[in-house]
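Please examine the structure below together with its sequence. The briefing that follows is arranged by topic.

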Amino acid sequence: MTKTTALPAFLLLCLAACAPDGPGSEPPPAPAPPQEPIGFEFALFYPEPPREEPQAALDALLASEFSGITRVDEIPEKDLLDRRLISAGRVTDGSYAAPDLEGLELVGRGLDQAQSEALQETKNVLVLDFRHGRNDVWTGLRDAMRLTSALARRTGGLIWDNASAEMFTPEAWDEERIGVWTEAEGPTDVRPQITIRSVRKENGLHRMVTLGMEKLGLPDLVAVDVSGSATASMAGAINVLAQRLAEGASTGEDGTVEIDLDAIRNAAMKEEKLGSLKANATRKAQVRLVPGVHEEGESLGRLSEISFDGYPGPDVQARQERMLSTLFGSEDATADVEHGEQVLEASRRAHEKLLALEPAFQAGLPPGDTLLVKAPFQTPDGGREWMWVEVMQWHGGTIRGTLQNDPVKVPGLKSGQQVEVRAADVFDYLHKHADGSAEGNETAKYLYPQG
């Protein structure tokens, strides 16, 4: 149920423009003390004239089924621990804008093409600012979502979640946010309430950041310099960490926090994670949360970077891989095989196809695609061990990437470590697409005919 979206840099700029605070380069403030309230913002966009005046409709809902929420003209800074508050204001000058059409393909939930196009011209927006005490984290969020849904349906609006940067139809909002609520069975699953944005950087590595944790009174989480092949596992680890923090997991004075699969209190997530482990998984890992720094174009808010410095490895990718394999387990196999003429001919074909892929790689692979090459590494006895490398950068005849295997015969190398190989030495390639299909691995059917 992991929800991730590969997000191009231009959309981050678009989303930041919708936020009340602009981007900043200063480090975020320290985590808020427990007594501070939780605040977040939803908005209703009206591509068509509202069926009912939104402010009057809001007052009517607050006077009936949502009488536990009090409307105020301005949110006070204090006296919020035992009250649920909302302020509402109209924006009609176009300053609160929806993402563009390309952006809505990624962050739109339930929208059809006509709705996405109409949003491009929409200037009529009702901004809803919610506040409640931290003791009311779950029910406060649930009732804020229910009120927003009721108001959207009554007035004909589309719902923007400013924290997670997603646009919903009321039907999609009810299905994906309210319909999955599980608080009666323990802490709700946080995954439907947040999203993870994965942005591939110029160095070929990914920046993975959550959006939406502020609705739970928590900083968003970011993992930097993640290899493409590790993004799925990293998203799983981030979701577990977010869940444990939302459930009240403690953080040490130095920011250390334990990711413990057995300690997850939400039954659905716990069952899912424990059911997908490799045989050697320990089910526990430890990371450290340090102050995060926003990149240009990101909305400014509290941010904690996940540090993996408690794990051995010569670089961050190796340390990330060690954490992930410790938590979820890993599988790796080696085999001594002969390179007969059929294998060598397949390797030559693979090498030609790889070289033909270079222009597409340099132009930028589609979001979610990864390119791997199988290359030789010298062993102490003068032999070679062939291992897969995910390509991060390709300059001339040199390929730089992250090692995808734990070597058996090459001391000093670890899975996840950054390495350099010569393009001329590549034995095979594998181009994985975001939809799960793949091209390459030309030699596999000769090397492993039973596989």
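Thr-402 touches Leu-205, Ser-227, Gln-317, Trp-388, Val-389, Glu-390, Met-392, Gly-416, Gln-417 and Gln-418, leaving aside residues up to four places away in sequence; contact here means heavy atoms within 4.5 Å. The model is predicted, so local features need pLDDT of at least 70 and side-chain atom pairs count only at pLDDT 80 or more, while totals for chains, interfaces and linings use all residues. Residues are numbered from 1 along each chain as its sequence is written, and side-chain values use heavy atoms, with hydrogens and water left out.

**Thr-402**

- Thr-402 lies in strand S17, which covers residues 398-403; helices (H or I, at least four residues) and strands (E, at least two) are DSSP runs numbered from the N terminus.
- Thr-402 counts as buried because its relative accessibility is 0%; buried means under 20% relative accessible area, exposed over 50%, and partly exposed in between, with a 1.4 Å probe and protein chains only.

**Glu-52**

- Glu-52 is placed in the loop between strand S2 (38-45) and helix H2 (54-62).
- With a relative accessibility of 27%, Glu-52 counts as partly exposed.
- Leaving aside residues up to four places away in sequence, Glu-52 touches Ala-57, Arg-154 and Thr-155.
- Glu-52 and Thr-155 are 103 residues apart along the chain, yet their C-alpha atoms are separated by 5.1 Å.

**Helices H5 and H6**

- Two packed helices are described by the angle between their axes and the distance between the axes.
- Helix H5 (residues 137-155) packs with helix H6 (residues 170-178) at an angle of about 165°, and their axes are 10 Å apart; axes are lines fitted to C-alpha atoms, for helices over the stretch in contact, and angles run from 0 to 180 degrees between N-to-C directions.
- H5 and H6 are therefore roughly antiparallel to each other, a term for angles over 145 degrees.
- H5 contributes Met-145, Arg-146, Thr-148, Ser-149, Ala-152 and Arg-153 to the contact, and H6 contributes Pro-170, Glu-171, Trp-173, Asp-174, Arg-177 and Ile-178.
- The residues of this contact divide into five nonpolar, two polar and five charged; Ala, Val, Leu, Ile, Met, Phe, Trp, Tyr, Cys and Pro count as nonpolar, Asp, Glu, Lys and Arg as charged, and the others, Gly among them, as polar.

**The whole chain**

- The chain contains 11 helices and 20 strands.
- Of its 451 residues, 50% count as buried.
- Among contacts between residues at least 6 apart in sequence, 66% join residues at least 24 apart.

Technical notes
Parallel < 35°, antiparallel > 145°, perpendicular 65-115°, else oblique.
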